[in-house]
Amino acid sequence: MIDFHCHLDLYRSPLEVAEDAERLGIGILSVTTTPSAWPGTSRLAEGRSTIKTALGLHPQLASERKHELRLFDRYLPDAAFVGEVGLDGSPEHRSSWSDQELVFGHVLRCCEEAQDKIVSIHSRRAAGAVLDSLDKFGGVRAPILHWFSGTRAELRRAVDRGCWFSVGAAMLAGAKGRALVHEMPRDRVLLETDGPFAQVNRNALRPSDVAIACRSLADLWSTDCEDAELIIGKNERTLLRLSTEKRGSTGDPDR
Ligand code: MN
């Protein structure tokens, strides 16, 4: 299983968490919140094929770090994955909305040009605006909406737009989250922890805690854990294949 949204670099002992996940056979999409974190966070994945590092600029840091878009552009050719990026419409971040749109628009334009990026997207209180942006920059190959918390209508729109969804234990613990996950097509669902930010019983989730989310999913899908794991495993392979195939590729490895 793969934790599709984990802030590996923000744990107190990132290396220990990375080694632990590797030992347990858990893959990690290691998202970053600033471009300047990319080189150091990428080093945590060195020699570990099961950890992929994503280049990000978190919407909550848009105003403070928009000058790092130059770094984003510099590192992007080396990044198959982008995240955490997106928009945050919560009251405490509304004052940075125009900077958030500037950063997210820039990121999506670059991803549209590159065509082959898999993007982990934050859309708290901003699902409609995130979907508007994805419509505007139509070339994002595989948008993954992480911890989706929009309305059912927005969910349907996201499904029609081809979005994927990474869901975690905290989201599956609440009635609203469970209802949304229930409506998601099973072949678009992935697991995440959002650790170390997300917690269960006041403990920061670690990548291996995707097992908790998988158990909740099995329950929600009225199936057993093995079945849920099989579905998730198939989804993971489908998505990862997208990162190695460029759009319109004819099989020519140089394209
Ligand atoms: Mn996050």
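**Exercise 1. The cavity lining**

Find which residues line the largest cavity of this predicted model, and sort the lining by class.

*Solution.* 
Step 1. The whole structure is searched for cavities of 30 Å³ or more, and one is found.
Step 2. Its volume is about 40 Å³.
Step 3. The lining of the largest cavity consists of Trp147, Gly168, Ala169, Ala170, Met171, Glu192, Thr193, Asp194, Ala198 and Leu205.
Step 4. Sorted by class, six of the lining residues are nonpolar, two are polar and two are charged.

**Exercise 2. The neighbours of strand 2**

Determine how strand 2 is joined to strand 1 and to strand 3.

*Solution.* 
Step 1. Strand 1 covers residues 2-6; three bridges join it to strand 2, and the two run parallel.
Step 2. Within this pairing, Ile2 is opposite Gly27 of strand 2.
Step 3. Between strand 1 and strand 2 comes helix 1, residues 14-24, and the three elements form a right-handed β-α-β unit.
Step 4. Strand 3 covers residues 51-55 and is also parallel to strand 2, with three bridges between them.
Step 5. Here Leu29 is opposite Lys52 of strand 3.
Step 6. From strand 2 the chain passes through helix 2, residues 38-44, to strand 3, in a right-handed β-α-β crossover.

**Exercise 3. The faces of strand 2**

Decide whether the faces of strand 2 are covered or uncovered.

*Solution.* 
Step 1. Strand 2 covers residues 27-30, with Gly27 and Leu29 on one side.
Step 2. A residue is buried if its relative accessible area is under 20%.

Key. Residues are numbered from 1 along each chain as its sequence is written. This is a predicted model: local features need pLDDT of at least 70, side-chain atom pairs count only at pLDDT 80 or more; totals for chains, interfaces and linings use all residues. Side-chain values use heavy atoms; hydrogens and water are left out. Buried means under 20% relative accessible area, exposed over 50%, partly exposed in between (1.4 Å probe, protein chains only). Helices (H or I, at least four residues) and strands (E, at least two) are DSSP runs, numbered from the N terminus. Two strands pair if DSSP finds at least two bridges between them. A crossover is right-handed if, with the strands pointing away from the viewer, the path from the first strand over the helix to the second runs clockwise. On a 1 Å grid over the protein atoms alone, a cavity is a set of points where a 1.4 Å probe fits but cannot get out, and a pocket is an open set with protein on both sides within 12 Å along at least five of seven lines; lining residues have an atom within 4 Å of a point. Grid points are joined across faces, edges and corners, and a volume is the space filled by probe spheres set on the points. Ala, Val, Leu, Ile, Met, Phe, Trp, Tyr, Cys and Pro count as nonpolar, Asp, Glu, Lys and Arg as charged, and the others, Gly among them, as polar.
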